[in-house]
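Colleague: I would like to learn how to read a model like this one. Please take me through it feature by feature.

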Amino acid sequence: MNELLLIILAYLIGSIPTSVWVSKHFFDIDIRDYGSGNAGATNTYRVLGPKWGTIVMIADMVKGVVAVKLALLLPEYADSEVNLQNLQTLLGLAAVIGHIFPIWADFRGGKGVATSLGIFLYLAPIPMLITLLMFFVVVGITKYVSLGSVLASVMLPLLILFIPVNEKLGNKAIVFIISALLGTYIIYKHRANIQRLKNGTENKFYKK
């Protein structure tokens, strides 16, 4: 029962529609009515600029970190690394589902990129930090947030294979599988962006 309550709480945390609230509070618009119509960091970069895109991205990442760390509220999991990791996995996935289908925003959310990054910032901090660095370098050079997101989705699972993850976690294979599955889903959600990149019609983020 306690586990179920935490999973629900993780979903509710993931459902916090950061980009929607930011766009409505500071710009009096709904971000979903502009750009790609997506309520995520990528569209925020594109419509509101890099400052607000970065703020939304960090906030959405924090949602993933907080969701995973909810497992620490159940002390009975402290003695079993495998059980702890399994619960953290469920909590992280619940947060990503919340981000994609947010109850606080009519179930119209983002693609789950930033929240997934937050999850792996805890589960695999070194691979995740390298991935984030690559993301910002790619976006800084090309101005395509979608390209950075797709490349990050590919790079993270590969880095997890070769770089140690959180030593407190017992099963590296699970972390790799989760990263690969989420990465595949994120790439799938960016299929239209990938096609526009091929055609040279993808929008760059808004520059102030």
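Colleague: Is W21 buried, partly exposed or exposed?

Modeller: First, the basis. This is a predicted model, in which local features need pLDDT of at least 70 and side-chain atom pairs count only at pLDDT 80 or more, while totals for chains, interfaces and linings use all residues. Residues are numbered from 1 along each chain as its sequence is written, and side-chain values use heavy atoms, with hydrogens and water left out. Now the terms: buried means under 20% relative accessible area, exposed means over 50%, and partly exposed lies in between (1.4 Å probe, protein chains only). W21 has 46% relative accessibility, so it counts as partly exposed.

Colleague: Which helix holds W21?

Modeller: Helices here are DSSP runs of H or I, at least four residues long, numbered from the N terminus. W21 sits in helix α2, residues 18-27. Buried residues of α2 are T18, S19, V20, V22 and S23. They pack against α3 (41-48) and α4, where contact means heavy atoms within 4.5 Å.

Colleague: What is the phi of F107?

Modeller: Most residues other than glycine have a negative phi. F107 has a positive phi of about 60°, although it is not a glycine. F107 lies in the loop between α5 and α6. At 48% relative accessibility, F107 counts as partly exposed.

Colleague: Which other residues have a positive phi?

Modeller: D106 is one of them, at about 60°, and it is not a glycine either. D106 is in the loop between α5 and α6 (113-123). D106 is exposed, with a relative accessible area of 58%. D28, which follows α2, also has a positive phi, near 60°.

Colleague: How many salt bridges does a search of the whole structure find?

Modeller: Side chains of opposite charge can pair when their charged atoms come close. The test is a side-chain nitrogen of Lys or Arg within 4 Å of a carboxyl oxygen of Asp or Glu. The search finds two. In one, R32 pairs with D30, with the closest N and O atoms 2.8 Å apart. R32 and D30 are both buried.

Colleague: Where do K63 and D60 lie?

Modeller: Both are in helix α4, three residues apart, about one turn of the helix. K63 has 5% relative accessibility, so it counts as buried. D60 is buried too, with a relative accessible area of 1%.

Colleague: What span should helix α1 have?

Modeller: The expected span is 1.5 Å times one less than the number of residues. Helix α1 (residues 2-14) has 13 residues, so it should span 18 Å. Its end C-alpha atoms are 18 Å apart, which agrees. L6, A10, Y11, I13 and G14 are buried in α1. Seen down the axis of α1, these buried residues fall within an arc of 160°, so they line one face of the helix. The arc is that of the directions from the helix axis to the C-beta atoms. Their cover includes α4 (50-69) and α5 (81-100).

Colleague: Which residues of α9 are buried?

Modeller: They are V175, I178, S179, L182, G183 and I186. Down the axis of α9, they fall within an arc of 130°, so they line one face. The face turned away from that buried side carries the exposed residues L181 and T184. Cover for the buried residues of α9 includes α5, α6 and α8.

Colleague: Which residues does L159 contact, leaving aside its neighbours within four places in sequence?

Modeller: L159 is in contact with P127, I130 and T131. L159 belongs to helix α8 (residues 145-162). At 16% relative accessibility, L159 counts as buried.

Key: Helix = DSSP H or I, 4+ residues; strand = E, 2+ residues; numbered from the N terminus.
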